[in-house]
Every structure is written in structure tokens, then in C-alpha cells.
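Here are some exercises to work through with the model open beside you. Try each task before you read its solution.

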Amino acid sequence: MDASMMAGLEGLPEEDKAKMASMIDQLQLRDSLRMYNSLVERCFVDCVDTFTRKTLQKQEETCVMRCAEKFLKHTMRVGLRFAELNQNAPTQD
């Protein structure tokens with residue numbers, strides 16, 4: 001968990017901080033797994049055409065690599081954009 005999240009928990013007792021940190025870690029893990037599963041499913045459906053061999057054919061492998069790279073770049077860009085918007089958003093104090 002990053003420092004900005006911990007800063008929001010400063011007024012809580014240590015036990016509550018630990019519980020919140022654990023929940024945040026679980027949510028981050030769940031989101032990471034969800035993103036990974038989405039990547040695998042999307043690239044598999046888009047790229048794998050035949051099941052005649054155990055291994056991917058060359059064009060399928062190339063497609064999967066491009067798909068994964070594009071998906072990860074897109075996800076990273078969206079995350080950066082949300083961070084930019086979050087920095088410029090007015091705070092409610």
C-alpha cells in the first residue's frame with residue numbers, strides 16, 4: 001500500500017489501521033487478478049484459432065504478445081490519466 005493511502009488513516013487507532021491496510025491490500029490483489037484474468041481471456045479469444053497442437057502457432061503467439069502489450073499499455077495509460085485527474089480534483093475538507 002502506498003504512503004498516500006496510509007496518510008488518510010492517520011487518525012485511526014493502530015488496530016483499525018492494520019484492518020484497513022489489510023482490506024486495501026485484498027482489494028488491490030483482487031483488482032490485479034481481475035485485470036490479469038481479463039487480459040488472458042481477451043487475448044485468448046482474439047488470438048487462438050485452433051486446438052490442433054499443444055503449443056501456439058507462430059501467428060497466434062505473435063498475436064498474444066501484441067494483445068498483451070497493448071492491453072498493459074492501455075491499462076497503464078488509463079491509470080496515469082486517473083491519477084492526473086485525481087490530483088486536479090478539489091478536495092473535500
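Helices (H or I, at least four residues) and strands (E, at least two) are DSSP runs, numbered from the N terminus. Residues are numbered from 1 along each chain as its sequence is written. This is a predicted model, so local features need pLDDT of at least 70 and side-chain atom pairs count only at pLDDT 80 or more, while totals for chains, interfaces and linings use all residues; side-chain values use heavy atoms, with hydrogens and water left out.

**Exercise 1. Work out the order of the elements in the chain.**

Step 1: The order is α-α-α.

**Exercise 2. Check the lengths of α2 and α3 against what you'd expect.**

Step 1: set up the rule. The expected span of a helix is 1.5 Å times one less than its number of residues.

Step 2: With 31 residues, α3 should span 45 Å, and its end C-alpha atoms are 45 Å apart, which agrees.

**Exercise 3. Find the buried residues of α2 and α3, then the largest nonpolar core.**

Step 1: Buried means under 20% relative accessible area, exposed over 50%, and partly exposed in between (1.4 Å probe, protein chains only). On that scale, 14% of the 93 residues in the chain are buried.

Step 2: go helix by helix. α2 buries Lys 17, Ala 21, Ile 24, Leu 39, Cys 43 and Cys 47. In α3 the buried ones are Glu 60, Cys 67, Ala 68 and Phe 71, and their cover includes α2.

Step 3: join up the core. A nonpolar core is a set of buried Ala, Val, Leu, Ile, Met, Phe, Trp, Tyr and Cys residues joined through side-chain atoms within 4.5 Å. The largest one has six residues: Leu 39, Cys 43, Cys 47, Cys 67, Ala 68 and Phe 71. Both α2 (14-47) and α3 (58-88) put at least two residues into this core. In soluble globular proteins, nonpolar side chains tend to be buried together.

**Exercise 4. Which residues are in contact with Cys 47 and with Cys 63, leaving aside neighbours within four places in sequence?**

Step 1: recall that contact means heavy atoms within 4.5 Å.

Step 2: start at Cys 47. Its partners are Glu 60, Cys 63, Val 64 and Cys 67.

Step 3: hop over to Cys 63, which sits in helix α3. Its partners are Asp 46 and Cys 47. At 27% relative accessibility, Cys 63 is partly exposed.

Step 4: zoom out. Of the contacts in the chain with a separation of 6 or more, 37% are between residues 24 or more positions apart.

**Exercise 5. Trace the salt bridges of Asp 31 and Glu 84.**

Step 1: apply the rule, a side-chain nitrogen of Lys or Arg within 4 Å of a carboxyl oxygen of Asp or Glu. The count comes to seven salt bridges.

Step 2: take Asp 31. It pairs with Arg 30 at 3.8 Å, N to O, and with Arg 34 at 3.7 Å between the closest N and O atoms. Asp 31 and Arg 34 are both in helix α2, three residues apart, or about one turn. Asp 31 is partly exposed at 40% relative accessibility, and Arg 30 is partly exposed at 42%.

Step 3: take Glu 84. Its side chain meets that of Arg 77 at 3.7 Å, N to O. Glu 84 is partly exposed at 34%, and Arg 77 is partly exposed at 45%.

Step 4: link bridges that share partners. Arg 30, Asp 31 and Arg 34 form one network.
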